[in-house]
Amino acid sequence: MPECNYDAASLPDLLPLYYRRLFPFAQYYRWLNYGGVTKNYFQNREFSFTLKDDIYVRYQSFSNQSELEKEMQKMNPYKIDIGAVYSHRPNQHNTVKSGTFQALEKELVFDIDMTDYDDVRSCCSSADICSKCWTLMTIAIRILDRALREDFGFRHCLWVYSGRRGVHCWVCDDSARKLSVAARSAICEYLSLVKGGEETLKKVQLSDPIHPFVKESLAVVEHYFSQYALVGQDILGSKESADKILALVPDEVRKDLAAFFQTERSPTKRWDRLQSLVQKRSSKKAAHAEKEIMLQYCYPRLDVNVSKGVNHLLKSPFSVHPKTGRISVPIDLRDVDKFNPFDVPTISLISEELNQPRTGEEREEGKDGEKEVGEKRKIRDYKRTSLAKYIKVFDNFLDGMERSRKGELLRKSDLQKDL
């Protein structure tokens, strides 16, 4: 793989090549068209583009894949956002009678951003991330994906790396896309455990009996906690970080624990002692203190405003992040522990890979299909780059949705026969 450092100044030169030869338009249209589920479903979808110099263009909509492709190749957006499916074509919203232009449907979406964990991570802050704190995103994906599938019965959850410091989830089931604002808010409330702003010291409060969802989430956190929090973040290492933990333990154990910390330096032994004291001495009200600390430091932090609104826009998969140059790629849930954001290709890298001399096999393919243009050529192009494996993940996701659609049609057909 050629080494290729990204320079933001090169983005205007690289985007035309990306949209002309590498962006997976066929899969993208296949996704958002949902098998032509209802008339005008794709046509009434809002797209927004951020252009050079932060020019923001909302209410873009397209009749078909070809129209979308031509417009994106003409405008070469720095960023693509996807919005709701509306009652009318978004690009004609100004011609519609006031009050009738309504957002009807959209995927249930979640946005998890590493900056929301700044009070509990010591390795990085703000937009910076590293392999240590990325574990928080792995935990978030594992907890939320399980809950969405097992607790709510959703089947088609597309997890996507944002390109910089977080992850997005698109829940694409028919039932998810039709959810009201109230239903989306209720799901967010169910999934939210960390509550309160900067001024709130104790952000997680558990009560008896512990809800099965919280138990399942704790099982995930416990799997990662020792290596991530005690070793990686060293949350009981320095006096400053240990004092933050002491402030969260019950009054009846704080004094003894502080005394133990004076003589014991091992973070693991400190944590074992904390657990032991809490379990032995805490009142019923404070019996879950160690669990609350684990959740406060590791549980996913949701931007609920993104999830609640049907008309809220979210960055599109396969958009390029202008600051890092990395592509916003789907994450393979089978290998979520191995996903490394620093391995995600930049637009510079895949452009460079496209310019590499072809292998003998690729040259032969080229001879056979010299007259091929358009989609087949594009497939051949992206398969020569590091983007190929991520498009394969997207293909597999789309195949799963299509199988479900066909299964549902067969089920309805069988019901009709029985009537």
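**Basis of the entries**

I note that this is a predicted model, in which local features need pLDDT of at least 70 and side-chain atom pairs count only at pLDDT 80 or more, while totals for chains, interfaces and linings use all residues. Residues are numbered from 1 along each chain as its sequence is written, and side-chain values use heavy atoms, with hydrogens and water left out.

**Aromatic pairs**

I found 27 aromatic pairs in the structure. Rings of Phe, Tyr and Trp (its six-membered ring) pair if their centres lie within 6.5 Å; planes under 30 degrees apart are stacked, over 60 edge-to-face, and the rest tilted. I looked up Tyr 28 and Phe 47, a tilted pair with 6.4 Å from centre to centre and 40° between the planes. This pair links distant parts of the chain, since Tyr 28 belongs to helix 2 (residues 25-33) and Phe 47 to strand 1 (residues 45-51), 19 residues apart. For helices (H or I, at least four residues) and strands (E, at least two) I use DSSP runs, numbered from the N terminus. Tyr 28 and Phe 47 are both buried. I then returned to Phe 154, which forms a stacked pair with Phe 152, at 6.2 Å centre to centre and 15° between the planes. Phe 152 counts as partly exposed because its relative accessibility is 29%.

**Charges over rings**

I count a charge as sitting over a ring if NZ of Lys or CZ of Arg is within 6 Å of the ring centre and within 35 degrees of the ring normal. The charged end of Arg 58 is placed over the ring of Tyr 59, 4.5 Å from its centre. Arg 270 lies over the face of Phe 261, with 4.6 Å to the ring centre.

I looked at strand 6 (residues 157-161) and found five of its five residues buried, so the strand is largely enclosed by the rest of the structure. In a regular strand the side chains alternate between the two faces of the sheet. Both faces of strand 6 are covered, with Cys 157, Trp 159 and Tyr 161 buried on one side and Leu 158 and Val 160 buried on the other. Strand 6 runs antiparallel to strand 7 (residues 166-171) and is joined to it by five bridges; two strands pair if DSSP finds at least two bridges between them. Cys 157 has Val 171 as its bridge partner in strand 7. The hairpin of these strands has four residues between them, and in it Gly 163 takes a positive phi near 105°.

**Cysteines**

How many disulfides does the structure hold? I found zero, a disulfide being a pair of cysteine sulfur atoms within 2.5 Å. For Cys 169, the nearest cysteine sulfur is that of Cys 157, 4.9 Å away. Cys 169 counts as buried because its relative accessibility is 0%. For Cys 172, the nearest cysteine sulfur is also that of Cys 157, at 8.0 Å. Cys 172 is buried at 1% relative accessibility.

**Nonpolar cores**

I define a nonpolar core as a set of buried Ala, Val, Leu, Ile, Met, Phe, Trp, Tyr and Cys residues joined through side-chain atoms within 4.5 Å. The largest has 122 residues, of which Tyr 18, Trp 31, Phe 110 and Leu 191 touch the most other members. Helix 4 (residues 131-151) gives the largest share of this core, 11 residues. Apart from neighbours within four places in sequence, the contacts of Leu 191 include Phe 110, Leu 144, Phe 152 and Tyr 299; contact means heavy atoms within 4.5 Å. A second, separate core of five residues includes Ala 84, Val 96, Phe 101 and Val 310.

**Backbone**

I found a cis peptide bond from Asp 208 to Pro 209, with omega near -10°. Pro 209 lies in the loop between helix 6 (181-191) and helix 7 (212-232). Tyr 34 is not a glycine, yet has a positive phi of about 50°. I located Tyr 34 in the loop between helix 2 and strand 1, and Tyr 34 is buried at 2% relative accessibility.

Conventions: Buried means under 20% relative accessible area, exposed over 50%, partly exposed in between (1.4 Å probe, protein chains only).
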